Amino acid sequence: MAKSRRLGSGRRAIIFDQDDLHRMLRAAIEREGGQTAFAKRHHIDRSRLNKVLKRKKRPGDAVARALGLRRVYVAE
């Protein structure tokens with residue numbers, strides 16, 4: 001589940017885990033009309049997208065950008 005966290009310099013961020021990202025990706029794909037439409041619109045290889053959905057591959061930067069996200073690393 002997404003968590004809100006204060007970062008250095010007073011900035012706030014919403015932190016998503018892998019499950020959150022997969023839920024967001026599935027919803028975005030459904031809104032686009034399917035995997036093929038989503039992949040074409042965002043210039044992502046459809047077969048890789050399918051592997052991400054099946055959790056056989058990790059989502060890359062292209063998938064994050066398509067969802068309006070960016071990858072960051074947070075120390076616990």
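**Reading helix packing**

Tutor: Helix α2 (residues 35–42) and α3 cross at roughly 120 degrees, and their axes come within 9 Å. This is a predicted model, in which local features need pLDDT of at least 70 and side-chain atom pairs count only at pLDDT 80 or more, while totals for chains, interfaces and linings use all residues. Residues are numbered from 1 along each chain as its sequence is written, and side-chain values use heavy atoms, with hydrogens and water left out.

Student: How is the angle of α2 to α3 classed?

Tutor: Two packed helices are described by the angle between their axes and the distance between the axes. Axes are lines fitted to C-alpha atoms, for helices over the stretch in contact, and angles run from 0 to 180 degrees between N-to-C directions. Angles under 35 degrees count as roughly parallel, over 145 as roughly antiparallel, 65 to 115 as roughly perpendicular and the rest as oblique. The angle therefore makes α2 oblique to α3.

Student: Which residues make the contact of α2 and α3?

Tutor: Contact means heavy atoms within 4.5 Å. Here α2 contributes Q35, T36, F38 and A39, and α3 contributes R46, L49, N50 and L53.

Student: At what angle do α1 and α3 pack?

Tutor: Helix α1 (residues 18–32) packs on helix α3 (residues 46–53) at about 135 degrees, with the axes 10 Å apart. The angle makes α1 oblique to α3. From α1 the contact involves H22, L25, R26 and I29; from α3, L49, V52 and L53.

Student: What does I29 touch?

Tutor: Leaving aside residues up to four places away in sequence, I29 touches G34, Q35, F38, L49 and L53.

Student: Which residues have the most contacts inside the largest nonpolar core?

Tutor: A nonpolar core is a set of buried Ala, Val, Leu, Ile, Met, Phe, Trp, Tyr and Cys residues joined through side-chain atoms within 4.5 Å. Buried means under 20% relative accessible area (1.4 Å probe, protein chains only). The largest such core has 13 residues, and those with the most contacts inside it are L25, I29, F38, I44, L49, V63 and L67. Two or more residues come from each of α1, α2, α3 and α4 (61–66), and α1 gives the most, with 4 residues.

Student: In what order do the elements run?

Tutor: Helices (H or I, at least four residues) and strands (E, at least two) are DSSP runs, numbered from the N terminus. The protein has 4 helices and 2 strands, and from the N terminus on the order is β-β-α-α-α-α. Of its 76 residues, 26% count as buried.

How values were computed. Buried means under 20% relative accessible area, exposed over 50%, partly exposed in between (1.4 Å probe, protein chains only).
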